[in-house]
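I opened this notebook to keep track of what I looked up. The entries follow the order in which I went through the structure.

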Amino acid sequence: MDKKYGVYICEGCGIGDALDMKALCDIPGEEGVPSKTHSFLCGKDGVALLKKDIEEGTNTLVIAACSRRVNFDVFRFDGCIVDRVNLREQVVWSHPRSEFPALTEDQKGDEEHFDRLEMLAQDYIRMGMAKVKKIDLPEPYKLDNFSRKILVIGGGVTGMSAALDAAKTGYDVTIIEKEALLGGNAVNWRKQLPMQSPYEELISPIVVQMIQEVESASRITVKTETVAARIAGEPGNFVVTLKKPGEKIEFDVPFPIPDEMKVDEKGKELNAEQLHEKFMEYNEGKNDILSMDPEGEAFGAVILAAGWRPYEPEEGEFSHLGYGELADVVTNAQFEEIAKKGKIARPSDGKEASSVVFIQSPGAGEDDSDFEYAGSVTSLVALKQAKYVREDFPEGKAFLFYQHMRTPGLSENFYKSLQQDPGIFMTKGQVTSVSKNGDGLIVEAENTLLGDKIQVKADMVVLATGMVPVTKDDPVVNLAYRQGPGFRDNALFLDYADSNFICFPYETQRTGIYAAGGIRRALTVEESMEDASGAALKAIQCIDSANRGVSVHPRSGDMTFPDFFFQRCTQCKRCTEECPFGALDDDEKGTPKPNPTRCRRCGTCMGACPERIIGFADYNIDSVGSMVKSIEVPSEDDYDDPPMRILGLVCENDAYPALDIVGLNRGSYSAEVRFIPVRCLGSVNVIWIKDALSQGMDGVFLLGCKHGDDYQCHFVKGSELAEVRMKKIGEALSSLALENERVAQFQIAIDEYDKVPQIVNDFAELIEDLGPNPFKGF
Amino acid sequence: MTEDRGAPASESIMVVGGGISGLTTAIEAAEVGYEVFLVEKNPYLGGRVSQLNQYFPKLCPPSCGLEINFRRIKDNPKIKVFTLAEVESVTGTPGDYDVSIKLAPRYVNENCTCCGDCAAVCETKIESDFDFGMKQIKGAYQPFEMAFPARYVLSPQIIGTDDAVRCKEACQYDAIDLEMETSTLNLKVGALVWATGWEPYDASKIDNLGFGQYENVITNMMLERLASPNGPTKGVIQRPSDKKDIESIAFVQCAGSRDENHLPYCSYICCMASLKHATYIRERYPDAKIYIFYIDLRAPGYRYEQFYKRIKEDENVFFIKGKVAEVNEDPATKNITVVAENAVTGEKIHQTVEMAVLATGMQPTAANAKLPADLTYTEDGFIINDFEKGGMFAAGCANKPADVVSSNQNATGMALKAIQTLVNR
Amino acid sequence: MADAYVIEPDVGFIHEVKGLGGGDLKKCFQCATCSVACPISPDNKPFPRKEMIAASWGLKDKLVGNGDVWLCHNCGDCTTLCPRGAKPGDVLGAIRAYAVTEYGPVKAIGKLINDPKKLPIVLGIPALLFLVLGLITGLLNFHPEGDKIVHAHFFSTWLVDMVMIPAAIWAVINFALGLKRFLNDMHQNALQEGKTDIEKIDPKGLVMGLVRMIPAILKHDKFNECSENKDRATAHMMVLFGFIGLFIVTNIFFVAIYGLQIHGPYSQMNPVKWLGNVSGVALIIGSILMIRSRLSKKDQVSAYKDWWLVGWALALGVTGMTAQVTRLLGLAGLSYTVYYIHLMFIWSLFFFIPYSKLAHLVYRTTALAYNEYIGRK
């Protein structure tokens with residue numbers, strides 16, 4: 001579109017009192033861009049004025065007023081490019097005139113004095129103008145082939161529940177189940193935990209009726225003895241190859257080559273083609289991820305509900321509890337099987353087991369934790385199975401040794417009702433040994449609530465072992481992604497396919513694939529079914545968003561997507577490797593193939609690209625670069641003692657709001673810093689920093705989220721990647737005879753706004769001490 | 001933001017409660033493409049979590065996720081937010097409900113720029129409920145820095161006083177409208193999700209634990225406020241009586257929860273909350289002694305288990321299996337002595353500390369005031385979901401006690417249930 | 001600590017304790033609130049938390065011989081605060097009832113008086129015994145001559161002694177046997193649970209402990225520590241002192257007859273008479289107060305065993321008083337009948353005391369003395 005510019009400066013909220021409006025208007029004036037001021041731009045007349053100009057053709061507006069975080073709806077004009085210049089929170093509110101005085105008449109024009117605040121405001125206006133010149137309105141990305149179908153991996157309670165939910169909402173679903181029958185673990189249960197208040201009685205497993213529902217649901221297709229060989233493509237158009245378990249086919253997903261294969265015998269890094277060769281060798285008999293299966297079935301989104309498997313203790317792992325040595329010591333899963341068969345009988349001799357001890361924590365040493373992968377489910381299951389003993393034998397006795405009875409929330413009621421049974425005996429305690437006693441067993445425990453070290457005679461002992469996510473054994477989703485077939489973060493989560501976000505439990509590093517149920521945490525049937533509904537919603541939401549050509553969380557609704565200028569691509573693969581969401585798959589030459597609907601629009605690829613060929617319609621190397629270049633860097637030619645110029649690249653999610661709050665609280669910090677909000681620190685391209693320094697700016701810092709295992713980055717890896725890049729840039733700087741200290745990165749959480757002024761000022765001081773950038777003035 | 005766009009009932013969902021669960025339901029549904037009305041009784045969104053300093057186990061600030069959610073609302077015209085709003089009545093059937101909403105006056109209109117001039121001139125100080133009365137705020141105030149909507153509010157307490165007039169005169173943007181009155185709004189929606197959340201159990205009802213009698217006995221939610229950067233002490237944790245630093249502190253678990261005299265159920269979060277609070281104390285006082293008295297330490301799931309393990313490594317954190325049933329104060333020192341039996345050793349412990357924190361549990365909002373709709377509840381006031389009937393659902397802690405993660409999983413699912421109602425009507 | 005203790009839950013025991021008023025014992029989830037709520041529970045191995053788990057595990061031998069169940073004065077503080085509604089106070093009460101039967105040499109008698117259905121038998125025994133003996137010996141005279149009503153003319157003092165003295169001796173023997181076992185068990189339990197490290201009981205020390213305890217017992221110190229229903233102290237004190245008073249009167253009477261050959265009835269002016277009347281009135285009012293408070297207590301269970309005792313006490317007082325009043329009013333027939341009934345109550349009091357709740361008089365005192373002796377605070 002051909003742009004008709006307009007700059008609008010608000011005088012309200014103290015802006016007019018602190019700043020010289022005329023001087024500000026001169027800036028667009030110099031470029032022949034019309035500008036207007038208004039005493040109250042967000043008020044009715046203010047908006048009317050804007051609307052009038054828009055009617056008269058203005059379509060590219062720079063609104064210099066308050067933060068973009070407020071009046072978002074007031075200054076939203078469809079079909080117009082709008083940039084918000086933050087003169088309020090980040091200029092006048094955070095730089096009181098008392099500290100940053102205006103010039104007196106006779107100071108004006110001398111080479112000694114300058115008005116820091118005025119300069120700050122003017123730069124921001126310049127930056128805003130520079131930006132709007134370089135950005136365009138986004139066009140949504142539309143998939144050529146689009147599918148609304150949902151693939152559910154796993155035909156257990158969670159999978160079936162998700163399928164039913166999606167079907168009821170009007171979506172076609174295919175469930176694939178690796179076993180011959182639907183139902184998963186639940187079909188092997190005698191009874192099930194209660195699912196609703198009063199949570200008192202065991203119920204018969206609902207899985208039975210759920211299977212019937214699924215089989216009679218017209219929108220649901222069930223494929224048993226089926227697994228996903230590979231899932232290629234992207235949300236809205238996943239191309240899925242299905243196969244029988246164990247089968248070997250050419251569309252089995254290839255795995256990335258191990259690092260040691262990435263170098264030649266001399267230890268030199270292989271180039272893209274060589275790497276691809278190795279890759280194909282390594283995955284012999286399998287097609288590359290980019291060769292789509294012509295027979296592949298198209299799906300819009302995937303729900304990963306492959307669930308869990310019972311924990312299998314290793315050889316001698318719980319020898320002190322007799323597991324492995326004594327036939328009558330079993331896991332809760334094995335006990336459930338026995339109970340399912342009928343009256344509880346001892347494995348050793350088939351005799352009735354009317355006295356059973358349930359052990360909830362391995363109890364080795366001082367450790368009071370439950371068995372691994374336990375969650376709170378194993379406590380509930382121990383209670384459930386204790387009840388079996390009582391059902392089968394009127395004189396039966398069930399003993400529970402727990403460290404912490406974990407029946408959280410309303411399941412406390414279940415605990416309470418089970419307590420009532422006169423034949424169930426519970427105590428906190430540390431089981432020290434299980435040994436043979438005639439044809440039975442004897443369990444010894446310490447630190448019990450019965451005071452002494454105690455012994456209990458038992459026919460059987462049951463270990464409350466945990467629920468292992470099947471993702472521990474293999475990726476399951478088998479994504480045909482260059483970054484690999486599995487979820488990326490699982491190592492952080494004990495191999496569960498969980499999310500690291502407390503607020504956004506369905507957000508993982510794989511767009512369009514949503515995990516639910518036992519594969520993400522040890523959950524009860526009730527919890528799994530709730531989780532399934534959530535995953536179904538996210539799948540549906542992802543499909544519809546892909547269809548509308550907009551991004552999903554966290555930049556929901558964002559219509560932009562990365563655009564590549566492939567002619568200049570050097571096949572360095574960095575974008576492919578660094579994308580937190582695996583949105584890019586490079587081909588045999590190493591040229592990235594974008595999968596826009598996998599993309600979350602963080603711009604990490606843009607930050608990674610050394611050739612700077614990646615950008616978004618409204619956010620690109622040039623738009624930010626020009627903002628940097630538009631900053632005026634005064635030198636000795638201008639002033640005897642010119643002020644420094646520091647560039648601050650701030651994460652718009654956390655750091656930018658924090659800065660706003662500093663203004664809101666009328667804090668104050670150095671006026672030599674120019675902030676540019678970025679989508680994520682991961683999108684920061686070092687060229688911006690080089691530009692800044694080469695034009696004489698004295699320092700650059702990045703301000704963004706905390707990283708590490710408990711990362712707060714909404715794009716998972718952004719701030720971490722930035723840190724790595726900043727380390728690299730250090731070397732580049734020293735080659736330019738610039739001190740490394742001139743470039744820094746600081747981590748802050750959104751609520752650490754009180755620390756921001758300190759951070760900014762300390763950095764400014766440090767730069768002051770280093771002295772001006774030698775390139776200044778060139 | 002509060003005008004009715006009168007969307008067709010078939011397309012719209014009402015979410016009652018703007019806490020983390022309500023926000024999640026509302027935004028997730030809207031991002032599928034449905035019209036959503038979000039009704040919140042406070043003048044701000046965020047609910048309980050906005051009062052928290054950090055989430056367990058990541059120790060990250062709730063405002064981080066809230067900010068993203070607020071942005072999602074800002075970017076999504078399909079969500080209409082009503083603050084200071086309460087549902088008065090709901091009639092109709094699944095797919096077709098008539099809801100009337102009572103809108104209390106904010107006395108501040110959309111002209112507000114948050115410049116703060118009104119607060120500057122306001123002389124009346126009121127107790128901040130947000131800070132559980134630990135802080136006095138002006139009669140014209142912004143609930144908290146990152147509050148959404150970013151707009152001031154006048155406390156009804158100053159209406160009709162000179163203060164109100166002063167505020168009005170101080171505002172250059174004519175944003176203060178003292179004529180505002182309670183109004184009613186009728187909306188047609190296809191489904192409702194009740195995310196009415198929870199309230200901290202009133203600790204003064206637990207008379208053997210000394211809350212309200214002794215200054216240095218506070219609740220876990222009060223500690224959250226003390227630890228918060230925007231709290232009454234800007235994050236400084238000292239004991240209330242004399243602003244003394246903390247050398248020893250006791251956490252009393254199950255203060256009211258798992259107790260038939262109070263809340264018979266387990267409140268789910270208190271154990272993890274106290275473990276988190278141990279980190280608050282440790283961050284500020286490297287060698288303070290921390291005593292945690294519990295019945296069962298409930299840190300379920302690999303993540304919570306890991307967190308618990310981390311705390312256990314701290315040699316100055318002591319875990320005692322035994323519920324505190326007696327709390328005394330030494331009038332001279334204002335020190336607190338908590339009494340419990342260590343059930344494992346069978347010794348009665350009289351632990352004297354500088355401050356005691358009651359890990360009070362959560363009570364569903366509906367326990368104290370039934371909702372104006374045809375809903376069924378448990379004895380304790382949790383809403384029972386009837387998926388067969390459909391139409392109306394409870395999300396988050398209105399349905400059962402839960403942590404933020406589970407609440408959000410549940411709230412996301414309820415968004416789908418609501419959509420199903422619209423699709424199948 | 002002793003080496004591993006082999007646990008063998010006795011579900012039958014659990015049911016019995018439930019039946020004796022401990023119906024909610026299984027609700028306990030071991031939060032230990034009760035041990036703290038109890039104002040008289042010691043810091044070292046406090047009760048009743050450990051008794052509660054022992055009960056819900058059916059560990060009879062950890063409870064029957066456990067002195068702590070007797071230290072409890074059943075004030076109900078623990079029951080009020082119990083978060084699970086397990087009513088520890090009542091559970092201990094039930095255990096005490098069980099223990100009493102357990103230590104009585106003839107268990108059948110315990111069963112007899114703990115069973116409401118057997119009440120007629122309990123009352124029938126003395127009625128019949130008196131009649132039979134009276135007729136055989138002719139010491140029961142249905143046509144006492146003389147216009148002045150003298151109970152002894154109807155029911156000879158000889159006959160009274162003939163039935164009462166053996167009953168009293170019986171009681172003493174039973175208690176002696178019971179106490180011996182009880183003391184021994186209590187000590188073993190204390191050693192096992194680490195309440196004391198004194199290996200062997202030194203009788204002298206024990207007696208000293210008793211002596212030290214007596215004033216506290218009379219003053220009802222323990223009662224007054226209770227925050228719940230303190231008022232119980234007054235009632236209990238009245239009943240206790242009522243009994244003591246009447247006990248003294250009876251002895252004086254006994255000595256007077258056989259030593260000084262003075263026969264009743266005494267004139268109302270006689271100080272001994274005063275003591276008798278005052279004690280009688282105290283007994284009546286006290287037991288009425290007790291019944292009132294029991295009726296008003298909702299959270300506290302009142303089992304048959306509890307009614308038995310208060311009922312008995314009241315009956316005793318009322319019949320005694322009525323016999324006297326009717327005598328003074330000259331209502332011969334009525335007076336004699338009531339006197340007969342009065343004696344029935346006295347007799348069964350003696351006879352059943354080692355098996356009734358009243359046995360706490362002995363067991364609790366012993367437990368208190370023992371606890372004092374081992375110096376457990």
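How much area do chain B and chain A bury between them? I found about 7,200 Å², with 55% of it on carbon and sulfur atoms. Buried area here is the accessible area (1.4 Å probe) that two parts lose on being put together, summed over both. In chain B, Lys58(B), Tyr302(B) and Gln409(B) lose the most area to chain A, together 11% of what that side buries.

I noted the ground rules next. This is a predicted model, in which local features need pLDDT of at least 70 and side-chain atom pairs count only at pLDDT 80 or more, while totals for chains, interfaces and linings use all residues. Residues are numbered from 1 along each chain as its sequence is written, chains are lettered from A and ligands numbered from 1 in the order in which they are written, and side-chain values use heavy atoms, with hydrogens and water left out.

Entry on contacts. I looked up the residues in contact (heavy atoms within 4.5 Å): 80 residues of chain B meet 88 residues of chain A.

Entry on charges. I looked for salt bridges, meaning a side-chain nitrogen of Lys or Arg within 4 Å of a carboxyl oxygen of Asp or Glu. The rule finds 13 across the interface of chain B and chain A. Glu305(B) forms one with Arg406(A), and their closest N and O atoms are 2.7 Å apart.

Entry on helices. I took helices as DSSP runs of H or I with at least four residues and strands as runs of E with at least two, numbered from the N terminus. On the side of chain B that touches chain A, α1 (20-32), α2 (62-74), α7 (302-312) and α9 (404-424) of chain B each supply at least two residues. The largest share of that side, 15 residues, comes from α9(B).

Entry on rings. I counted Phe, Tyr and Trp rings (the six-membered one for Trp) as paired if their centres lie within 6.5 Å, with planes under 30 degrees apart stacked, over 60 edge-to-face and the rest tilted. The structure holds 59 aromatic pairs over all chains. Phe493(A) and Tyr302(B) form a tilted pair, 6.5 Å centre to centre with 55° between the planes. Phe493(A) lies in the loop between β21 (467-469) and β22 (513-515) of chain A and Tyr302(B) in helix α7 of chain B, so this pair joins two chains.
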